[in-house]
Amino acid sequence: MVTLKDSTLLRSDCLIDGKWVAAPGRSTPVTDPATGRIVGQVPDLGAAEAETAIAAAARALPAWSARTAKDRGAIMRRWFDLVVANADDLAALMTAEQGKPLAEAKGEVIYAASFLEWFAEEAKRIYGETIPAPTADKRLLVIKQPVGVCAAITPWNFPAAMITRKAAPALAAGCTMIVKPAEQTPLTALALAVLAERAGVPAGVLQVVTGDARAIGGVLTGSDVVRKLSFTGSTEVGRILMSQCAPTIKKLSLELGGNAPFIVFDDADLDAAIAGALASKYRNAGQTCVCANRLYIQAGIYDAFAARLAEAVRAMKIGQGTEPGVTVGPLIDGDAVRKVESHVADALAHGATLVMGGRQPPAGGNFYEPTILTGVTQKMKVAREETFGPVAPLFRFETEEEVIAMANDTEFGLAAYFYTENVRRVWRVAEALEYGMVGHNTGLISNEVAPFGGVKQSGLGREGSRHGIEEYLEIKYLCSAIG
Ligand SMILES: NC(=O)c1ccc[n+]([C@@H]2O[C@H](COP(=O)([O-])OP(=O)(O)OC[C@H]3O[C@@H](n4cnc5c(N)ncnc54)[C@H](O)[C@@H]3O)[C@@H](O)[C@H]2O)c1
Ligand SMILES: O=C[C@H](O)CS(=O)(=O)O
C-alpha cells in the first residue's frame, strides 16, 4: 500500500453526485508497475453508474453555471491551493500507480495544479462582443455560455495533469464534468476529486467514475445530455470515441498520439541539444505524447552527437520511482515492454546498430534500459510508430529540405523540435514543420499558458492557454430590433 500524510486521499470508491460510491464485490486492483504489488482497489463500475453520474451532472449544471465567474474562480483557486498543499501525497500515489520517479511525479502535480491556477483566473475573462449593426434598427452582440455537461476520458501517463487540463477549464466555464480515468491510474484521479470536494466544488459538478472503459465510455459518448467529450489518449481510441460521438454531434477535444521529430543541425549548440534530447526523450521513461520519437542529426555532427548522448544516458539511473536518484522508472505494463522490444528488434533486423541498452535489466519487471540506436532509417517501425519507451533512434541527414520531408512524413502532428543557431533557418523550419507545437533549442515546451495540441491525426482543439477555455464555451449571437 501507499504511505500518505493524509490517508483519506487514498480512496477505494468513486465520487458520484456528491457521494462516495463503492461497489461491493466489484472492484479492480491497482498495481505498482515497478513491483507488481497491489497498491489500491477501485470500483469496477459500468453503464448504470455512468448514467447516474450524467443525471447528477445535469442536475448540478444550472446552479453551477449561474454562479458568478468570480465565485467559480475562487473555488478553482482553493482547489489549486489544496493540490499544492498535498503535492507530496499526490506524488506518492502517482509513483505508486504509474511508476514515474518521485521527483517527476511531484513536478507533474505542480504542473497539474498550474491549470487550476490559470483557469481560476481565465474564468473571469470570458468576454463577449458587440458588433456594429448593418442597419440602424438593430443591436448585435455575442455572449459566451458553458457547453453544459462534459465528459473526460484520460490516459495513464500523466494521471493528474491530463485531468486538471480538462476539468479546470470546464468548471471555470460553468460546465459540469464526468471523468473516466485510465484503469491503470485511478488513485490520483480520486485524490484530486477529494480535494475538489474540500475546495467547495458542489455535488454533481465533478465526478470520477472508474471501471469498464468501453461500457462507461459507451454511455458517455452515446448520451445526448453530454454535450462535449474531451479525450486524451491514443489516436486509435480517439477514432473510436469520435465515431461514437457522431450521432449526438458532440463538441470534441482530442489530444492523441505523437511521433515527434527532434532535429539537430550542424550549427546547433551541442550541449543544449544533448540536454534537450535527454529531457524530451527520457521523461516518464519515454512515455509522453510529446517525447522525441525520431532524432534526426545532421551528418557533420552525427558521430559527436551519438557519442555525447551515450555518455549522458550512461549517467541515468533506472529503478523504482521511490528510490533516490532514479531518473528512469518502469514502463506501465508488459504490453508496453513488448512494444518497445518489437521496435528495437525491428530496427536491428533492418540494419540499425545498438549503441547501448536494447534489453530489460536483470531485475526484469516492466523496466527497459535507456537505449540508443544508430543507422536508423525511415523504413523501420521506430520511424512510423510511437514507441512510447526510452529508445532514442538516431537518423542521419544531409540537407534541410531532406530532413523537413522526413520529419513531416507521418500521419501525426503533435510536437516537433529543432536545434540551430541560424535565425533565418529558425523561421524556415518552424513554418515548414507540420505540427501543432514546435520547440526551438528546447526539448520541453509544455506549460499552462501555451496552447497544447496537435494537427493531422494527433488531435483536435487546444488545451491550456487562453484558448483552452473556449473548448468549453458556446458562442451565442443576439440580434435585437429596436426600431
Ligand atoms: N496528445 C496528448 O496530449 C496525449 C497525452 C497523453 C497520452 N497521449 C497518448 O495516449 C496514448 C497512451 O495512453 P493510453 O495507453 O492510456 O491510451 P489509450 O487510448 O489506450 O487509453 C486512454 C483512455 O481511454 C480509455 N479507453 C480505451 N479504450 C476505450 C474505449 N473503447 N472506450 C472508452 N474509453 C476507452 C482508457 O481506459 C483510458 O482512460 C499514447 O498514444 C499517447 O501518445 C496523448
Ligand atoms: O503525454 C503528453 C502530455 O501532454 C504530457 S505534457 O503535457 O507534455 O507534460
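I looked up the position of ligand 1 in this predicted model: domain 1 (7-256 + 458-479) and domain 2 (261-440) both give residues to its shell, so ligand 1 lies between them. The domain bounds come from an automatic or database domain assignment.

I then listed the shell of ligand 1, where a residue is near a molecule if its C-beta atom, placed from the backbone, lies within 6 Å of it. Pro155, Gly217, Gly233, Glu255 and Cys289 come nearest among the 27 residues around ligand 1.

By residue class, I found 13 nonpolar, nine polar and five charged residues around ligand 1. Ala, Val, Leu, Ile, Met, Phe, Trp, Tyr, Cys and Pro count as nonpolar, Asp, Glu, Lys and Arg as charged, and the others, Gly among them, as polar.

I turned to ligand 2, which is surrounded by Asn157, Phe158, Ala161, Thr288, Cys289, Val290 and Ser446. Its shell holds four nonpolar, three polar and no charged residues. Ligand 2 lies between domain 1 and domain 2, because both give residues to its shell.

For the whole chain, I noted 14 helices and 20 strands. The C-alpha atoms fill a box of roughly 70 × 65 × 40 Å, taken along the principal axes.

On conventions, residues are numbered from 1 along each chain as its sequence is written, chains are lettered from A and ligands numbered from 1 in the order in which they are written. Local features need pLDDT of at least 70, side-chain atom pairs count only at pLDDT 80 or more, and totals for chains, interfaces and linings use all residues.

Definitions and conventions. Helices (H or I, at least four residues) and strands (E, at least two) are DSSP runs, numbered from the N terminus.
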